[in-house]
Amino acid sequence: MIRVVVVDDEALVRSGFELILGAADDIEVVATTTGAEAVDAVRREAPDVVLLDIRMPDVDGLTVLRHLRALPDAPVVAMLTTFDADEYILTALRSGAAGFLLKDTEPDQLAQLVRTLYAGGVVMSPKASRAVWQSHPGTTAADDEEAARVGRLTERERDVLVLIAEGLSNADIGSRVHLSAGTVKDHVSAILTKLRVTSRVRAALLAQRAGLLDGRNGSEDRR
């Protein structure tokens, strides 16, 4: 079972996510909580995945994220937001969030997105990530220089990077490009090293910034 904690200031959102995810045979929502109680709930329940509201009146979601990332055996954390151009999303991704979900995500997609997070994949819409880059101050020369590193990847590494950005796990990437999981792992390691990043999310953001995902929006909503 994939153990999930939902953190949101609105009781209706918490209960809705719990109801939808609880219908999946392989997912258990072990707690729903507000931001003020989130860290204690995660320590107590030891979830695999945390869905964390990025904007809460009691405790800021970015503050909760920092505390969660500092925990031993930190869970995978994805941010919840109402806006696909939320100015805090990029900060959250740079701080270790594994992606973000819009609160109006279709119910039949929600469980699969949680499975993607659990498997080590990235949950991030290319369309929304473009809006994040464009709306966030400071994503100028330095970020463009980082994105330029994508051009130093081999053709195979760029193919793998695009699949990372689409949210696929190593096993799924291997199936897509007919490589063993071990070979994909080696490619992912090389990609992160060449891009000078430490996470798949950051690599996915650079792929978007470099234009590798342009024209692929037709598939993004099926993830």
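Which residues of β3 point one way from the strand, and which point the other way? Val49, Leu51 and Asp53 go to one side, Val50 and Leu52 go to the other, and all are buried. Keep in mind that this is a predicted model.

**The strand β3 and its partners**

Let's stay with β3 (49-53) for a moment. Here 5 of the 5 residues are buried, so the strand is largely enclosed by the rest of the structure. Its strand neighbours are β1 (2-7) and β4 (residues 76-81). Here is how the two pairings look:

| β1 and β3 | parallel | 4 bridges | Val4 and Val49 |

Now for α2, which covers residues 38-45. Its buried residues are Ala38, Val39, Ala41 and Val42.

What do the buried residues of α2 pack against? The list runs to β1 (2-7), β2 (27-33), β3 (49-53) and α3 (61-69). Just past the end of α2 sits Ala46, with a positive phi of about 50°.

**Thr33, a buried threonine in β2**

Thr33 belongs to strand β2. Is Thr33 buried or exposed? Its relative accessible area is 4%; the cut-off for buried is under 20%, so Thr33 counts as buried. Setting aside neighbours within four places in sequence, Thr33 touches Val5, Val6, Val7, Asp8, Arg14, Ala38 and Ala41.

**Where α1 meets α5**

Elsewhere, two helices cross. The axes of α1 (residues 11-22) and α5 (residues 107-118) come within 9 Å and cross at roughly 75°. Angles of 65 to 115 degrees count as roughly perpendicular, so that is the label for α1 and α5. On the α1 side, the contact is made by Phe17, Ile20 and Leu21. Pro107, Leu110, Ala111 and Val114 make the contact from α5.

Technical notes: Residues numbered from 1 in each chain as written. Predicted model: local features only at pLDDT ≥ 70, side-chain atom pairs only at ≥ 80, totals over all residues. Heavy atoms only, no water. Buried < 20%, exposed > 50% of the residue type's maximum accessible area, 1.4 Å probe, protein only. Contact = heavy atoms within 4.5 Å. Pairing = 2+ DSSP bridges. Axes fitted to C-alpha atoms, helices over the stretch in contact; angles between N-to-C directions. Parallel < 35°, antiparallel > 145°, perpendicular 65-115°, else oblique.
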